[in-house]
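Here are a few friendly notes to read alongside the model. Please keep the picture open while you go through them.

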Amino acid sequence: MQTDKTSCDHIVSTALSQCLGKPLHTLFQVSTSAALVEGLYQGAVKVARLLSHGDFGLGTFIDLDGEMVILDGVCYKVSFDGTVSRVEGDRLIPYAVITRFNAEFSEHHPKLTNFSELVAACDQLRESENVFYAFRVDGTFSLIKTRVMKPVPEGTGLKAAASAQQEFLFQQREGTLVGLWSPGFAGSFSVPGYHFHFLSTDRKRGGHVLELRADDVTIGGCAMHEMHVSLPETEEFLKADLSRDPNNDLANAERNHER
Ligand SMILES: [Zn+2]
């Protein structure tokens, strides 16, 4: 427990899950969306510790330097120059959400013509507005528009940081969307609603998804009823004023500005 800075609960539940062959659908999160909105982007947790809590997730890096995609147990960084690289276990990260993905339901769609259709399809698969969901979307993306954050000076708020983002438009890319859905009541620590990051099958393209068109799509997902939030022990987090409601700034920073 001391070596990994992990709780006793986590070690015991992971061991039981492996022994009984029963997947754990627990969401593990580092820091909060309110902290991001206020410009707290310093390293809090190592990637290796993050990966001990799951194999599927998304997040960001120190100083908002790129977009994080965790897929099949590997952590990738999409940089603002468009390149994708694997992230080493000893790197510290400021914010991420991860789970162990295991589809409880799945559905095939011959075609999705835009982001709204993806949202509607996922909405159909959700049974509740009050628990968290993970969605894995595999397909051929005839069009996908992503954005990648550019690194910003310490303390820059998320809204201002998002105005300097880099946008990409890719065509005919096979790939996967790593998606999470969070309930509205979770707005002070999660990003409410859907949040998708893209990674191409060749692991060369990616980013935070703004728009898409796709063929031969499989949407798999699972509900998550438990969440573990690891709050940073950094001085800046401990002293920050996080009382402001982050929802307007989050909506502004995370959505497609043309819609
Ligand atoms: Zn994102």
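1. Let's begin inside the protein: His195 and His208 are both buried, where buried means under 20% relative accessible area with a 1.4 Å probe, counting protein chains only. This is a predicted model, in which local features need pLDDT of at least 70, side-chain atom pairs count only at pLDDT 80 or more, and totals for chains, interfaces and linings use all residues. Residues are numbered from 1 along each chain as its sequence is written, and side-chain values use heavy atoms, leaving out hydrogens and water.

2. Which residues hold the zinc ion? Its protein donors are His195 (NE2), His197 (NE2) and His208 (ND1), at 2.0 to 2.1 Å. Donors are N, O and S atoms within 2.8 Å of the metal (3.2 Å for Na, K and Ca), and water is not among the atoms, so sites may look incomplete. The spacing of the donor residues in sequence is H-x1-H-x10-H. His195 sits in strand β12 (residues 193-200) and His208 in strand β13 (residues 206-224), so this pair ties together parts 13 residues apart in sequence.

3. Now zoom out. The protein chain has 7 helices and 14 strands; these are DSSP runs numbered from the N terminus, with helices being H or I of at least four residues and strands E of at least two.

4. Of the 259 residues in the protein chain, 53% are buried. Among contacts with a separation of 6 or more, 78% join residues 24 or more positions apart, contact meaning heavy atoms within 4.5 Å.

5. Finally, the C-alpha atoms of the protein chain fill a box of roughly 50 × 45 × 35 Å along the principal axes.

Definitions and conventions:
Buried means under 20% relative accessible area, exposed over 50%, partly exposed in between (1.4 Å probe, protein chains only).
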